[in-house]
Amino acid sequence: MEITDEAAAGPVRAADGPILKPLPPELFVVYGSNAEMRWEAMREQGYHTPVDRFFVRDHTRTPLIDARTWRLRLFGSGLHGSPTPERAVEFSYEDLLGLPARSISAFIECTGNARSLYAGQQNQPVTGSPWKLGAVGVARWRGVPLSIVLERARLTDRAVDVMPRGLDPDFIDGGQNLGRVRRPLPVAKALDDVLLAYEMNGRPLPPDHGFPVRLVVPSWVGISCIKWVGDIEVSDVPLFSPWNTRYYRLFGPGHPSEGSAPLTRQVLKSAFELPWDARLSAGRRTALHGRSWSGGGAVRHVEVSTDGGRTWRRARSRGDRGAPGWLRWEFPWRPAAPGPQVLMARAADASGAVQPDVAPYNTLGYLFGAVVRHRVTVV
Ligand SMILES: Nc1nc2c(c(=O)[nH]1)N[C@H]1C(S)=C(S)[C@@H](COP(=O)(O)O)O[C@H]1N2
Ligand SMILES: [Mo]
C-alpha cells in the first residue's frame with residue numbers, strides 16, 4: 001500500500017469539540033470527550049461496526065497527525081544495545097506499510113462499558129463515564145504484527161514489558177498531570193496477536209480511532225489499544241504507569257488496597273439491537289436481534305428470556321460461531337399482552353463462562369458482565 005493523499009495529511013480539524021467525526025444523536029450518546037454507540041444503530045448492519053457509529057473514548061482530544069513527519073520510536077533496556085529515547089529505533093509510516101501485514105476482526109471495548117448498570121441494576125453507584133452498553137465495536141483491522149516490529153528493533157529475550165504511548169495531549173486528573181496516555185503490556189501478549197493497525201474496515205484509520213497507527217490487542221481491555229502511538233518503551237524490568245496502577249484494576253471490598261492485578265481480558269457480554277425502552281407491538285411476530293462477545297473465548301451459545309428471567313430458550317446463531325469479535329443471533333418473539341416487559345440475553349463462551357446475574361462490584365465500575373435487564377414496552 002502506498003501513502004494515499006487521504007492517509008498522508010489526514011483531514012483538518014473541522015469540529016470544535018474533542019472528537020472530529022460527526023456524532024449525530026440517532027447514532028451516539030455523548031459524554032464530554034467520549035461517545036457511545038446506540039445499539040439500535042447496529043440493527044441493519046453487517047458483522048463489522050461502521051466507522052460512522054463506532055464509539056470513541058478520548059482521555060483528552062483527538063490529535064491531528066501528519067503521517068509524512070510521524071515516526072514510531074522504540075527504545076529501552078529490552079532492545080539490543082539498550083537505545084535511549086534520543087537514539088531510538090525509528091520507523092516511518094511508509095516503513096510500516098512495507099512490512100508484512102495481517103488483517104483481523106476484533107472488538108475494542110472500553111473496560112467501563114455498561115458501567116451505569118452497576119447503579120441501574122445493582123444499586124451500586126460507581127465513578128466514571130456512565131456508559132450503557134455502547135462502548136464496544138468490532139472492526140476489521142489491518143496492520144503490522146507488533147512482533148515483527150519488535151524483532152526488527154532487535155528485542156532481547158530478557159524483555160518483559162512494552163509500553164506504547166499516545167501522541168494526544170497530557171491527561172490531567174484532579175489537577176494532577178499524569179502525562180501522555182500509556183499502558184504497559186507484557187511481552188508475551190505483545191508477541192502473540194497484537195497488531196500495529198493502520199487500517200480500519202479497509203480505509204486508513206480515522207483520526208478519532210488513532211491515525212496514523214494504533215495498537216489492537218485482541219480480547220483485552222480497550223485501554224490496551226493505545227491510539228496515535230508515538231513511541232514504545234521496551235524494558236527488561238516491569239513497567240508502570242497510572243493506567244496499570246491507579247486505573248484499570250479492581251478496587252473496593254475484597255481487593256487489596258493497591259487494587260487487583262492490572263486488568264487484561266474483557267468479560268462476556270450481550271446486547272439487543274434495540275433502543276432502551278423500545279416499544280413493540282402486541283400480537284405481532286418480531287425478531288429480536290443481538291450480539292454477544294467475550295475476551296475469554298468465542299461465544300458458543302446465547303439464551304434469551306422475554307419474561308424477565310423466568311423462562312429461557314436458545315437464540316439462533318447468525319453466521320460463524322467461532323468468529324473472532326462477536327456472535328450475532330436472533331430470537332423470534334410475539335409479545336402477548338400490552339405492558340412493560342424485561343428482555344434478557346445470556347451468553348456462554350468457549351472457556352465455559354456464562355453471564356452471571358450479578359457483576360462483582362468495584363469502585364471504578366469495570367467489567368460489568370452480568371445479564372442486562374432490557375426494559376421494553378409492549379403496546
Ligand atoms: N493515546 C490514547 N489511546 C487510547 C485512549 C486515549 O485516550 N489516548 N483511550 C483508550 C481507551 S480507554 C479506549 S476504550 C480505546 C477506545 O478506542 P476508540 O476510541 O477507537 O473506540 O482507546 C484507548 N486508547
Ligand atoms: Mo476505555
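1. A polar contact is here a pair of N or O atoms within 3.5 Å. By that criterion, a polar side-chain atom of His209 lies 2.7 Å from an oxygen atom of ligand 1, and a polar side-chain atom of Arg214 is likewise placed 2.7 Å from an oxygen atom of the ligand. Arg57 contributes through its backbone, with a polar atom 3.0 Å from an oxygen atom of ligand 1.

2. The model is predicted, with local features requiring pLDDT of at least 70 and side-chain atom pairs counting only at pLDDT 80 or more, whereas totals for chains, interfaces and linings use all residues. Residues are numbered from 1 along each chain as its sequence is written, ligands are numbered from 1 in the order in which they are written, and side-chain values use heavy atoms, without hydrogens or water.

3. Ligand 1 is surrounded by 20 residues, the closest being Phe55, Asp168, His209, Arg214 and Lys227, where a residue is near if one of its heavy atoms lies within 4 Å. This shell divides into ten nonpolar, four polar and six charged residues, with Ala, Val, Leu, Ile, Met, Phe, Trp, Tyr, Cys and Pro counted as nonpolar, Asp, Glu, Lys and Arg as charged, and the others, Gly among them, as polar.

4. Elsewhere, five strands (DSSP runs of E, at least two residues, numbered from the N terminus) form an open sheet in the order 5-4-15-8-11 with mixed pairing, pairing requiring at least two DSSP bridges. Strand 5 (89-92) and strand 11 (185-186) are at the edges with a single partner strand each, so one side of each has no neighbour in the sheet.

5. Strand 8 (residues 161-166) runs antiparallel to strand 11 and is joined to it by two bridges; Asp161 has Pro186 of strand 11 as its bridge partner.

Terms used. Helices (H or I, at least four residues) and strands (E, at least two) are DSSP runs, numbered from the N terminus. A polar contact is a pair of N or O atoms within 3.5 Å; within protein, one must be able to donate a hydrogen and the other to accept it, and residues adjacent in sequence count only if both atoms are side-chain atoms.
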